[in-house]
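Please read it with the model open beside you.

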Amino acid sequence: MASPQLRGCGVHALQVLLLLLLLLLPLRVMPGTTCPTPISVEHANIRVKNYSVNSRERYVCNFGFKRKAGTSTLTECVINKNTNSAHWTTPNLKCIMAISTSVLVLLVGAGVGVFLAWYIRSRQASRPRSVEMETMEAEPMSVRTSSTEDDPGT
């Protein structure tokens, strides 16, 4: 018995059904398909435990660095449906320098100290030297009084 045809198309319904099933079925991965080595991320390392498809691995920022907020350490081995090859997802991880609070306080304190030392020295250098006054010890100042004795004109 021949398969029924779709009206006006000349296409058999069984062929259309098989084509739809093939499109809807998940992509079959060949056994043994694995991902290559993951790409490197600046200031981070990764230790891959499993290279198989659907495995997930995490990058770790190096000592002295931390993960920037909003970025992820995760990468996953996936299949490219167009090429049927495995690859790791592109990580968006950014590792930035980690400065502890105590180090930051120390740096700020040292900066303030250097600034104060500079300020004090600059103020001393710009101030004119004070002139020492000579002391007058010998003769006290006399006050002239108006009297007729002192006046030679009388």
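**Notes on the model**

1. Start with helix H2. Phe 115 and Trp 118 both sit in this helix, three residues apart, which is about one turn of the helix. Bear in mind that the model is predicted.

2. How exposed are these two residues? Phe 115 is partly exposed, with a relative accessible area of 48%. Trp 118 is exposed, with a relative accessible area of 54%. The cut-off for exposed is over 50%, so Trp 118 passes it.

3. Phe 115 also pairs with Tyr 119. This aromatic pair is stacked, at 6.3 Å centre to centre and with 25° between the planes. Phe 115 and Tyr 119 are four residues apart in helix H2, again about one turn of the helix. Tyr 119 is partly exposed, at a relative accessible area of 41%.

4. Now the whole structure. How many aromatic pairs does a search of it find? The search finds three. One of them is the pair of Phe 115 and Trp 118, which is tilted: 5.8 Å centre to centre, with 35° between the planes. Phe 115, Trp 118 and Tyr 119 form one aromatic cluster.

5. The cluster residues also belong to a nonpolar patch on the surface. Its members are Val 108, Val 112, Phe 115, Leu 116, Trp 118, Tyr 119 and Ile 120. Together they have about 720 Å² of accessible area. Leu 116 is placed in helix H2, which covers residues 101-126. Leu 116 has 44% relative accessibility and counts as partly exposed.

6. Next, check two backbone angles. Most residues other than glycine have a negative phi. Asn 54 is not a glycine, yet has a positive phi of about 75°. Asn 54 lies in the loop between strand S1 (44-46) and strand S2 (56-61). With 56% relative accessibility, Asn 54 counts as exposed.

7. Asn 84 is the other residue to check. Its phi is positive, about 55°, although Asn 84 is not a glycine. Asn 84 is in the loop between strand S4 (74-80) and strand S5 (85-88). Asn 84 is partly exposed, at a relative accessible area of 34%.

8. Finally, look at Thr 73. Thr 73 is in the loop between strand S3 (65-67) and S4. Is Thr 73 buried or exposed? Thr 73 counts as buried, because its relative accessibility of 16% is under 20%. Its side chain makes a polar contact with the side chain of Arg 58, at 2.9 Å. Neighbours within four places in sequence aside, Thr 73 is in contact with Glu 57, Arg 58, Tyr 59, Arg 67 and Leu 93.

Key. Residues are numbered from 1 along each chain as its sequence is written. This is a predicted model: local features need pLDDT of at least 70, side-chain atom pairs count only at pLDDT 80 or more; totals for chains, interfaces and linings use all residues. Side-chain values use heavy atoms; hydrogens and water are left out. Patches are made of residues with over 30% relative accessible area and no salt bridge: like charges are joined within 9 Å, nonpolar side chains (Val, Leu, Ile, Met, Phe, Trp, Tyr) within 5 Å. Accessible areas come from the Shrake-Rupley method with a 1.4 Å probe; for residues, only the protein chains shown count as cover. A salt bridge is a side-chain nitrogen of Lys or Arg within 4 Å of a carboxyl oxygen of Asp or Glu. Helices (H or I, at least four residues) and strands (E, at least two) are DSSP runs, numbered from the N terminus. Buried means under 20% relative accessible area, exposed over 50%, partly exposed in between (1.4 Å probe, protein chains only). A polar contact is a pair of N or O atoms within 3.5 Å; within protein, one must be able to donate a hydrogen and the other to accept it, and residues adjacent in sequence count only if both atoms are side-chain atoms. Contact means heavy atoms within 4.5 Å. Rings of Phe, Tyr and Trp (its six-membered ring) pair if their centres lie within 6.5 Å; planes under 30 degrees apart count as stacked, over 60 as edge-to-face and the rest as tilted.
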